[in-house]
Amino acid sequence: MVVYVINRQGKPLMPCSPRKARILLKQQKAKVVKRTPFTIQLFYGSRGYRQPVSLGVDAGTKHIGLSATTETRVLFEGDVQLRTDIPQLLATRLQFRRARRSRTTRYCKARFLNRKKSKGWLAPSVQHKVDSHLKVVQLVHRILPVTKITVEVAQFDTQLLKNPSIKGEEYQQGEQMGFWNVREYVLFRDKHTCQRCKGKKKDNILNVHHIESRKTGGDSPDNLITLCETCHNEIHQKGLEHTIKRKTQTLRDASQMTVMRWFIYNGLKERYPHIQLTYGYITKNTRITNGLGKSHEVDARCISGYPLAKPMDTVYHLKFVRKNNRQLHKATISKGGKRKSNKAERFVKGFQLFDKVLYEGQECFIFGRRSSGYFDIRKLDGTKIHASASYKKLTRIEYARTLLIERRKGDSSPTYATA
């Protein structure tokens, strides 16, 4: 473990050992400014000796790998988990707004056509991921004197992934060419036959069914299937949606990464001119050549340019969470037509959601609360510490924020692949 150091002006210096940090704190020459990762600020002027520090960023749509290294050792490594719940939340909000307009309440004019999208607009789920990349890179810059940033980006040909033999003008002649809409194409593809009973139930009314819900799967043809009305009703009434599986995996992550890559690069270049790009095949070759195992942190170490730098015995797991729950009322209406409030108190017994607490010597986070004072506490990876811990046994060590950080034990020796 190392202790990160910033000078009196807030500029990062090279990290020091825990022993030296204890001496500086005891002599009142420094103060603690951050607990995780542990950072101290000097009270006296110190320009400090700085080594070249290279930061490798393994960009992604669900995880980000970070590794800040010198030629000989790793100074910071972490795995960042991004939010994936934004599309579901937006779809739920859309349903609530549509339902509210149809109720016998004051008229609420539809507002979906009175907003102009600005230049460079991104979908909220994609924008969050771009902003998250910028935020975690800024976090490392605040504690380490980074001199070079290398970002791995990727571009995917989604049509080539679907059809490996595609070429030439076939790119302009997609599978839906000649059809008015997606529904017409799906019925034609399935030969106007129920794909569950194969027409044995002799129901002539056909429906187009979403294999995955529209919230998560979308309206792409791969997520749609033709069912007769009898089978369609049976599936929904008996809860048999899980019996039908998609034949191909969704290409959402590939599409998002293709869009995100230049927004990430240009956003970082505006702040940090010492940035360069690399690609996945180079990272893979470096990892295999040096016999390293596969993980987000190891990939980031290879991207940084020093794959054989000595790893730390401490790694960090970072997770983005939502700041507020904006849903005012519960979806289920109780007897009497009354809607129950969905907004909980911000503080329950002095604690709020996602506070980092100490419980019987273990650091964990509050994931659920009860008004009686008993909380659900877990690690960031979902490991349950206690499902109903009394608030009297908890000690808050960090207030909640949108980026949660957890320190984990790492391997201080390089991890080599066995095959």
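Predicted model: local features only at pLDDT ≥ 70, side-chain atom pairs only at ≥ 80, totals over all residues.
F179 is partly exposed, with a relative accessible area of 24%, where partly exposed sits between buried (under 20%) and exposed (over 50%), using a 1.4 Å probe and protein chains only. Residues are numbered from 1 along each chain as its sequence is written, and side-chain values use heavy atoms, leaving out hydrogens and water.

**Aromatic pairs**
- The structure holds seven aromatic pairs; rings of Phe, Tyr and Trp (its six-membered ring) pair if their centres lie within 6.5 Å, and planes under 30 degrees apart count as stacked, over 60 as edge-to-face and the rest as tilted.
- F179 and F188 form a tilted pair, 5.1 Å centre to centre with 50° between the planes.
- The F351 and F375 rings have centres 5.8 Å apart and planes at 70°, so this pair is edge-to-face.
- F351 lies in the loop between β14 (339–341) and β15 (356–359) and F375 in strand β17 (residues 374–378), so the pair ties together parts 24 residues apart in sequence; strands are DSSP runs (E, at least two residues), numbered from the N terminus.
- Both F351 and F375 are buried.
- Y4, F76 and Y316 are linked into a cluster by ring pairs.

**An exposed arginine**
- Now look for R106, which is exposed, with a relative accessible area of 72%.

Conventions. Helix = DSSP H or I, 4+ residues; strand = E, 2+ residues; numbered from the N terminus.
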